[in-house]
Amino acid sequence: MAIKNIIFDFGAVLVDWNPRYVYTPYFGDADKAEWFIKNICTPEWNGTVDKGRSIDDANRELLEKYPEWEKEILMYFDRWVEMVGDETPGMTDLIRELKAKGYRILGLSNWARVTFNQVKDGFEFEKLLDGYIISGDVKMLKPDAEIYEELIRRFLIEPSESLFIDDNPANVEASEKAGIKAIRFTTLECLKEQLEAMGL
């Protein structure tokens with residue numbers, strides 16, 4: 001069936017986000033920053049906030065485990081805005097082009113509402129979307145099947161008429177299991193080539 005809906009992830013697809021923007025300058029050592037992100041303020045821990053957990057509760061958990069890292073732990077969400085870079089060059093223009101061709105453009109992102117609200121007004125792409133789901137609002141996370149089911153239900157999309165674009169292989173695989181075609185995002189140039197090959 002022909003594609004009618006194109007769904008974009010946000011982080012690392014439409015916008016740059018990286019905690020290293022805060023911790024590498026802070027530690028003055030890329031290896032130490034990497035260790036901290038992998039062992040203390042981990043992606044899995046951040047994901048619990050993306051799923052709707054309060055920042056205070058998430059911080060409390062780590063402070064009890066690692067009191068010696070109190071300053072650095074609290075810095076994660078206190079300086080979260082500094083982890084957000086620019087919109088990915090060319091992606092907003094691509095959305096405009098796809099909308100002009102008649103595709104419905106949606107979003108599906110693992111993102112906490114409290115942090116998304118801090119930056120969303122600066123995202124041009126956010127104003128172009130026909131709708132989106134962020135995990136913090138629905139208390140679900142990619143790649144769990146239930147968030148894809150929520151996407152299908154909320155926007156009344158036919159999975160076989162939909163395409164999802166995400167940088168995370170697990171999220172791409174989960175999308176395909178839900179019946180939604182998927183592309184793993186690497187670069188704008190590669191994405192354009194893949195879309196063209198699909199006739200989009």
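A residue counts as buried at under 20% relative accessible area, as exposed at over 50%, and as partly exposed in between, with a 1.4 Å probe and protein chains only. The structure is a predicted model, in which local features need pLDDT of at least 70, side-chain atom pairs count only at pLDDT 80 or more, and totals for chains, interfaces and linings use all residues. Residues are numbered from 1 along each chain as its sequence is written, and side-chain values use heavy atoms, without hydrogens or water.

Helix H10 is described first. Helices (H or I, at least four residues) and strands (E, at least two) are DSSP runs, numbered from the N terminus. In H10, the buried residues are Asn171, Val172, Ala174 and Ser175. These residues lie on the same side of H10, because they cover an arc of only 165 degrees around the axis. The arc is taken from the directions that run from the helix axis to the C-beta atoms. An α-helix has 3.6 residues a turn, so residues three or four places apart point the same way. The cover over the buried residues of H10 includes helix H9 (145–155), strand S6 (162–166) and strand S7 (181–184). At the start of H10, a side-chain oxygen of Asn168 comes within 2.8 Å of the backbone nitrogen of Ala170. Gly179 follows H10 and has a positive phi, near 90 degrees.

Glu161 sits in the loop between H9 and S6. Its relative accessibility is 12%, so Glu161 counts as buried. Contact means heavy atoms within 4.5 Å. Beyond its neighbours within four places in sequence, Glu161 is in contact with Met1, Ala2, Ile3, Lys4 and Asn5.

Helix H3 has its own buried set: Trp45, Asn46, Gly47, Val49 and Asp50. Strand S2 (15–17), helix H4 (55–65), H5 and helix H8 (135–138) are among the elements that cover these residues. Just after H3, Gly52 has a positive phi of about 115 degrees.

The pocket comes last. A pocket is an open set of points on a 1 Å grid over the protein atoms alone, with protein on both sides within 12 Å along at least five of seven lines; its lining residues have an atom within 4 Å of a point. The largest pocket has a volume of about 730 Å³, a volume being the space filled by probe spheres set on the points. Its lining holds 29 residues, and Trp17, Pro43, Asn46, Asp50 and Asn110 lie nearest the centre. Helices H3 (43–50), H5 (70–78) and H10 (169–177) each give two or more residues to this lining. H3 provides the largest share, four residues.

Technical notes. On a 1 Å grid over the protein atoms alone, a cavity is a set of points where a 1.4 Å probe fits but cannot get out, and a pocket is an open set with protein on both sides within 12 Å along at least five of seven lines; lining residues have an atom within 4 Å of a point. A polar contact is a pair of N or O atoms within 3.5 Å; within protein, one must be able to donate a hydrogen and the other to accept it, and residues adjacent in sequence count only if both atoms are side-chain atoms.
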